[in-house]
Amino acid sequence: MKRPIARPTAPSPHRDDAVRLPRAFLATEAEIVEAQFVPAADEALVAPPPRRMGWAARAAWTAGGILVSAGLGLAADRLIQDLFANNPWLGWAGLVVLAIFLVALLVLAIREVAALRRLRVLDTLRRDAVEAIAGNDQHDARRVLATLDAIYAGRPDLARARQAVTDHAPHLFDGTEILALAENGLMVPLDARAKALTAASARRVALVTAISPRALVDIAFVVYESVRLAGAIAALYGARPGFFGFWRLAGAILAHLAVTGGLVLTDGIVEQLVGQGLAAKLSARLGEGVVNGLMTVRVGIAAMRVVRPLPFGTQTQPVVRDYIPDLVKVAQGTK
């Protein structure tokens with residue numbers, strides 16, 4: 001038996017042709033594209049809804065409320081008794097004033113509950129809209145549209161838009177198209193007004209910062225304008241938050257700002273300011289005005305994303321860089 005012998009096989013005639021040599025390119029042919037921040041593309045960058053209180057927190061607040069109410073009731077009863085002891089007319093006058101106070105307090109409580117419920121409805125509506133778009137569900141989209149129409153039923157400024165959406169909605173059969181129609185018809189005018197409110201507030205902040213003599217005045221005005229802007233945008237989209245509702249809204253806005261990267265770093269504003277040479281054109285005081293204006297812009301954009309009942313689909317989300325030219329003009333006009 002012969003031993004096996006290994007022999008080389010014949011090389012393929014097309015072996016050298018099949019191998020592709022590496023190709024080089026000139027540096028002028030390369031293009032550097034800056035990555036853009038799109039919050040809607042990543043669900044992790046969307047601020048989660050505020051969590052409900054646990055049973056311990058609810059028990060603590062309930063017990064504290066009962067104790068405070070009992071103390072106030074005993075104090076009011078003692079006051080009325082003292083008034084009757086001094087003069088019967090003073091006692092009756094105290095009873096009337098107490099009744100007016102209780103009625104007004106009840107009305108305020110009802111308004112606060114309604115405001116909190118409206119914020120909860122908007123949060124639920126936005127989540128339902130996201131699910132309807134993801135599943136392209138016609139029935140879910142029509143339910144979202146019906147709820148949205150009920151929210152804006154008493155708005156005369158949206159009467160024509162609501163009528164147009166109502167006329168065209170029966171002819172659509174895809175959930176994505178139905179919600180796109182609702183966004184184009186109802187959200188576009190509200191988005192334009194919200195952007196105008198944000199730009200006006202940012203201009204005021206930039207102007208006051210540029211001319212104010214004290215840093216404390218700057219901080220106070222920035223906080224005032226931020227609070228005012230958040231409330232105005234919430235009322236524009238139909239939230240109408242009260243005292244407790246506004247604190248809930250402020251918490252959601254702060255959570256959104258924390259999740260999306262703080263002040264302006266996610267939108268590349270620092271790079272744009274340096275790249276446009278604005279640091280050399282503006283003085284330090286005017287630069288502070290622009291930065292404070294951008295802070296207010298960031299609050300306005302966060303309020304839009306938190307309160308808007310529909311997610312940004314067909315429309316482009318506002319970004320901070322859109323407001324830079326306007327703020328620079330205001331700052332340069334104060335020289």
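1. **How to read the model.** This is a predicted model, in which local features need pLDDT of at least 70 and side-chain atom pairs count only at pLDDT 80 or more, while totals for chains, interfaces and linings use all residues. Residues are numbered from 1 along each chain as its sequence is written, and side-chain values use heavy atoms, with hydrogens and water left out.

2. **The overall fold.** The chain has 12 helices and 0 strands; helices (H or I, at least four residues) and strands (E, at least two) are DSSP runs, numbered from the N terminus. Of its 335 residues, 32% count as buried. Buried means under 20% relative accessible area, exposed means over 50%, and partly exposed lies in between (1.4 Å probe, protein chains only). Among contacts (heavy atoms within 4.5 Å) between residues at least 6 apart in sequence, 78% join residues at least 24 apart.

3. **Helix H3.** Follow residues 88-135 and you are on H3, whose 48 residues reach 70 Å from the first C-alpha to the last, close to the 70 Å expected at 1.5 Å a residue. The expected span is 1.5 Å times one less than the number of residues. After the helix comes Asn 136, whose phi is positive, near 50°. Buried residues of H3 include Glu 112, Asp 123 and Arg 126, along with Leu 119 and Leu 122.

4. **The largest nonpolar core.** A nonpolar core is a set of buried Ala, Val, Leu, Ile, Met, Phe, Trp, Tyr and Cys residues joined through side-chain atoms within 4.5 Å. The largest one has 40 residues, and Leu 148, Tyr 152, Met 187, Tyr 237, Val 307 and Leu 310 touch the most other members. Among the helices that each supply at least two residues to this core are H3, H4 (138-151), H6 (175-211) and H11 (284-307). The largest share, 7 residues, comes from H6. A second, separate core of 11 residues includes Ala 199, Ala 202, Leu 294 and Ile 301.

5. **Two residues worth a look.** Setting aside neighbours within four places in sequence, Tyr 152 is in contact with Leu 158, Arg 162, Leu 186, Met 187, Leu 190, Tyr 237, Gly 238 and Pro 309. Ser 201 lies in helix H6 and is buried, with a relative accessible area of 1%. Not counting residues up to four places away in sequence, Ser 201 touches Glu 225, Leu 229 and Thr 296.

6. **Aromatic pairs.** Rings of Phe, Tyr and Trp (its six-membered ring) pair if their centres lie within 6.5 Å; planes under 30 degrees apart count as stacked, over 60 as edge-to-face and the rest as tilted. By this rule there are 2 aromatic pairs. The ring centres of Phe 84 and Trp 92 are 5.6 Å apart and their planes stand at 80°, so this pair is edge-to-face. Phe 84 is partly exposed at 31% relative accessible area, and Trp 92 is exposed at 52%. Phe 221 and Tyr 224 make a tilted pair, 6.2 Å centre to centre with 45° between the planes. Both lie in helix H7 (residues 215-236), 3 residues apart, about one turn of the helix.

7. **A charge over a ring.** The charged end of Arg 308 sits over the ring of Phe 312, 3.9 Å from its centre. The rule here asks for NZ of Lys or CZ of Arg within 6 Å of the ring centre and within 35 degrees of the ring normal.
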